[in-house]
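Let us take a friendly walk through this model, one stop at a time. Have the sequence and the 3D view ready as you read.

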Amino acid sequence: MDDLVKRAQRGDADAFTGLMQSQMQNMYKIARAMLRDDEDAADAISDTILICWEKMGQLKKTEFFKTWMTRILINQCNDILRQRKKVYPVEEVEEVPAALEEYDNVEWMETMKCLDEKYRLVMILYYVNGLNTEEIGSVLHIPASTVRTRLARGRSQIAAAFCGTS
Amino acid sequence: MREKDIMEKMQSEVIIPDVVQERAELAFEKIRKKEGKVMKMRSKKRRWKTMWIAVAAAVFVLGTMTVCAAYLRWSRGLEAGFDATEEQKQLLEEEQYTAPLNNESSGNEENGNDGGDSGNSGGNGNSVTVQGVTIAPQQSIVDSRFAWLSFKVEGYDLEEGKEPCFQYTTVTVEGDEEAVISYYGSFYNGIHSDAEGRPVYEDGSPADGEIFVNDDGSMEYIITVDATQYGENGLIGKNVHVEFTDLGTAYKAEYFPDLEAVWAFDFTLKGSDKVRKLNLSEPLGDSAATVIYAEISPVSIYVNYDFPMREEAIEGIGENGEPITSTTFVEAPSVVGVRLKNGTLLPYITNGGVEGYLDESQEVYTCSYALDRILDTAQVDALLFLKNSPSGEGGLTEDDLYIVPIE
């Protein structure tokens with residue numbers, strides 16, 4: 001990935017495309033956790049792609065790319081939330097019918113559903129994006145201790161949902 | 001439930017919905033269509049595969065002004081961008097790398113106040129005012145390979161949350177539009193890098209959001225020019241013409257117009273060609289590269305390697321999303337920083353430049369990079385080259401570097 005980032009910084013559109021495609025799983029999981037709607041997630045991700053391209057020259061250290069990109073994506077998701085003023089309390093999320101075309105994502109959606117909203121993003125950034133607690137804290141503007149607490153509670157919720165234990 | 005089970009659930013692959021993939025493809029298509037224009041303005045690093053790159057050239061004039069160099073008022077963006085201490089500012093002033101920028105253009109008189117929407121129609125001789133927006137050259141920093149030019153922009157009412165942008169910035173050297181330089185310009189956003197390479201504001205606090213407008217309502221535009229391939233001594237003493245065309249805002253790789261106008265300047269650039277020259281013969285581990293020559297100025301590093309060209313295949317994605325394979329050359333370990341005599345490692349100090357083969361023999365590989373800080377070259381006792389990219393954000397350690405002593 002480091003090579004792709006360097007080439008993208010030099011204006012190589014193909015390298016940039018490959019780089020962002022490699023991050024699509026991460027971006028979709030984050031956006032979907034925050035926005036709960038594929039249309040809004042699509043907007044957030046496409047906007048993130050354009051902003052990352054525009055700002056690639058400002059990324060000085062290639063090893064910071066994932067955190068930098070994640071921060072941009074979360075900002076875009078928050079912008080969409082503000083614009084649409086939508087709030088999705090956990091209790092209002094519909095059960096995912098098994099007959100949906102998104103059948104392959106049912107397990108993932110069920111995993112997300114068992115997590116409180118404020119634990120969801122922290123869990124994704126930790127387990128999916130591979131950020132450490134300090135990095136998550138800097139992205140979400142919360143103390144690392146809060147990150148650790150939310151991770152612990154998120155793990156408990158998943159364990160309780162799937163195993164009946166914590 | 002075990003941590004491993006939780007990780008498996010969180011990392012399970014999902015199907016990316018069509019709407020998400022399609023909208024992403026639209027974004028990639030937009031980028032490819034704009035690639036030519038965007039690259040010219042926004043790419044900081046430019047690799048060359050052939051000898052020459054056709055880019056507009058810039059001329060900077062410092063000729064007419066008599067200046068007490070020790071008391072140069074530094075531009076905010078250049079001072080922050082180089083993280084310059086008073087001692088370092090004085091070093092550059094005394095060694096004549098930096099000076100005020102003085103506009104020698106006669107465009108003000110020729111175009112006059114014709115009330116038109118473009119052309120220089122006012123100013124105080126150094127600055128240019130068009131449509132109520134005044135652009136004043138401030139300061140330049142110039143060595144034998146790079147140049148930085150700072151301009152103050154006043155009178156533009158920037159909407160909050162927007163990023164200012166000129167639609168075009170062109171730089172021409174000695175009237176030659178084919179002159180081999182590359183350049184990058186942007187409005188200063190209040191953010192620079194700390195010693196670890198992380199984005200921070202001028203007060204050192206973590207940066208989260210760009211700040212383009214100063215307390216006095218002005219903005220600053222900085223152009224960085226890479227003249228590595230232009231010739232001996234780069235742009236020093238050369239006539240440079242700079243034009244800014246149309247002013248608006250940029251968002252998501254798109255320009256949104258606001259003012260139609262042209263601000264034009266002419267300069268003769270003054271700077272210093274003083275460098276610390278090093279003749280070396282240092283192999284870089286098992287990379288097949290040997291460092292043979294280097295030049296260090298307070299604001300740039302230039303390195304030659306003996307590194308015969310080898311090609312490698314790169315997998316990528318084509319215009320229609322299909323996998324493609326292209327060929328490029330293997331890169332030599334890049335120079336990334338220096339070690340000082342007191343043992344301090346500075347591994348994150350390069351800030352844009354070029355690397356590749358200097359001539360058609362493709363035997364000598366060159367790295368030429370601007371720096372993001374001012375060096376006292378006499379205090380440098382080793383050059384640092386990248387061996388391994390660090391995993392995560394832990395930063396480079398000695399194990400990730402080839403360290404080449406120069407004393």
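Asp14(A) is partly exposed, because its relative accessible area is 28%, and buried means under 20%, exposed over 50% and partly exposed in between, with a 1.4 Å probe and protein chains only. Asp14(A) sits in helix 2 (residues 13–22) of chain A; helices (H or I, at least four residues) and strands (E, at least two) are DSSP runs numbered from the N terminus. From Asp14(A) to Ile136(A) there are 122 residues in sequence and 29 Å in space, C-alpha to C-alpha.

A word on how to read all this: the model is predicted, with local features needing pLDDT of at least 70 and side-chain atom pairs counting only at pLDDT 80 or more, while totals for chains, interfaces and linings use all residues. Residues are numbered from 1 along each chain as its sequence is written, chains are lettered from A and ligands numbered from 1 in the order in which they are written, and side-chain values use heavy atoms, leaving out hydrogens and water.

Now move to chain B and its strand 3 (residues 133–142). Nine of the 10 residues of this strand are buried, so strand 3 of chain B is largely enclosed by the rest of the structure. Which strands pair with strand 3 of chain B in the antiparallel sense? Strand 1 (residues 98–100) does so over three bridges, with Ala99(B) opposite Ser140(B); two strands pair if DSSP finds at least two bridges between them. Strand 2 (residues 128–130) of chain B is also antiparallel to strand 3, joined to it by three bridges, and Val130(B) has Val133(B) as its bridge partner. These two strands form a hairpin with two residues between them, where Gln131(B) in the turn has a positive phi of about 50 degrees. Strand 4 (residues 146–154) of chain B runs antiparallel to strand 3 too, with eight bridges, and here Ala136(B) stands opposite Lys152(B). A hairpin of three residues links strand 3 of chain B to strand 4.

Most residues other than glycine have a negative phi. Asp83(B), however, has a positive phi near 50 degrees, and it lies in the loop between helix 3 (76–81) and helix 4 (86–94) of chain B.

Glu174(B) also has a positive phi, near 50 degrees. You will find Glu174(B) in the loop between strand 5 (163–173) and strand 6 (182–187) of chain B. With a relative accessible area of 39%, Glu174(B) is partly exposed.
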